[in-house]
Amino acid sequence: LRKSPVSKDVDKAYLAKMTRGFSGADLTEICQRACKLAIRESIDADIRREKEKLKQGVTMDVDDEEDPVPEITKRHFEEAMKFARRSVSDNDIKKYEMFSQTLQQSRGFGTNFRFPDGQGGNAPAGGPPQSQGNFNNEEDDDLYS
């Protein structure tokens, strides 16, 4: 929806709250459906306008009229939500969260990594300065020799 004209009366926070647990694909489907509904409505309005012009005998082909459906409105989202469905169950989400946590732990640091306070960043917390591995080895300046 970043580049789509969404009406200011669409409460995106409420939409997000009501679609909690929906996947990105599920949300994309809702947004695309709302957009398509707005486009269809605009096309139908154009057709009705053209038919009215023909009845009145106006044959000018000047497109100076405003778009009758210039935005995606709450009504379009409400209609799109009638077809909304979650493709991921709560159980699947729990499994993914457990897998994610296991993966973080197996990589080592997880969410517990912290720099030491007030030590200038040279030493690990609670210990003396240690070797900086290969970062301080001046003999290995040339990577290709």
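Visitor: Hi! How many nonpolar, polar and charged residues are in the lining of the largest cavity?
Guide: Hello! Sorted by class, that lining has five nonpolar residues, four charged ones and no polar ones. Keep in mind that this is a predicted model.

Visitor: Which residues line the largest cavity?
Guide: The lining is made up of Phe22, Asp26, Glu29, Ile30, Arg33, Ala80, Phe83, Ala84 and Arg85. The largest share, four residues, comes from helix α2.

Visitor: How much space lies in the largest cavity?
Guide: About 50 Å³.

Visitor: And how many cavities of 30 Å³ or more turn up in the whole structure?
Guide: A search of the whole structure finds one. As for the idea behind such a search, rolling a probe the size of a water molecule over the atoms shows where empty space is left.

Visitor: Okay, stepping back. How many helices and strands does the protein have?
Guide: There are four helices and zero strands, and along the sequence the pattern reads α-α-α-α.

Visitor: What percentage of the residues is buried?
Guide: Of the 145 residues in the protein, 14% are buried.

Visitor: What about contacts, what share comes from residues 24 or more positions apart?
Guide: If you take the contacts with a separation of 6 or more, 72% of them are between residues 24 or more positions apart. 

Visitor: Back to α2. How does its span compare with what 1.5 Å a residue should give?
Guide: The two agree: α2 has 33 residues, which should span 48 Å at 1.5 Å a residue, and the C-alpha atoms at its ends are 48 Å apart.

Visitor: Which residues in α2 are buried?
Guide: In α2 the buried residues are Asp26, Ile30, Ala34, Ala38, Ser42, Ala45 and Lys53. Asp26 and Ile30 are also among the residues that line the largest cavity.

Visitor: I see steps of four in those numbers. Why would residues three or four places apart point the same way?
Guide: An α-helix has 3.6 residues a turn, so residues that are three or four places apart end up pointing the same way.

Visitor: What do the buried residues of α2 pack against?
Guide: They pack against α3, which covers residues 74-81.

Visitor: Is Thr19 buried or exposed?
Guide: Thr19 counts as buried, because its relative accessibility is 5%, and the cut-off for buried is under 20%.

Visitor: What does the side chain of Thr19 reach?
Guide: That side chain reaches the backbone oxygen of Leu15 at 2.8 Å. Leaving aside residues up to four places away in sequence, Thr19 touches Leu27, Ile30 and Met81.

Visitor: Last one: how far apart are Asp90 and Phe22?
Guide: They are 68 residues apart in sequence and 9.8 Å apart in space, C-alpha to C-alpha. Asp90 is found in helix α4 (residues 90-107) and counts as partly exposed, at 47% relative accessibility. Phe22 is one of the residues lining the largest cavity.

Methods: Residues numbered from 1 in each chain as written. Predicted model: local features only at pLDDT ≥ 70, side-chain atom pairs only at ≥ 80, totals over all residues. Heavy atoms only, no water. 1 Å grid on protein atoms, 1.4 Å probe; cavity = no way out; pocket = protein on both sides within 12 Å on 5 of 7 lines; lining within 4 Å. Points joined across faces, edges and corners; volume = space filled by probe spheres on them. Helix = DSSP H or I, 4+ residues; strand = E, 2+ residues; numbered from the N terminus. Nonpolar A, V, L, I, M, F, W, Y, C, P; charged D, E, K, R; others polar. Buried < 20%, exposed > 50% of the residue type's maximum accessible area, 1.4 Å probe, protein only. Polar contact = N/O pair within 3.5 Å; in protein donor to acceptor, adjacent residues only side chain to side chain. Contact = heavy atoms within 4.5 Å. Expected span 1.5 Å × (residues − 1).
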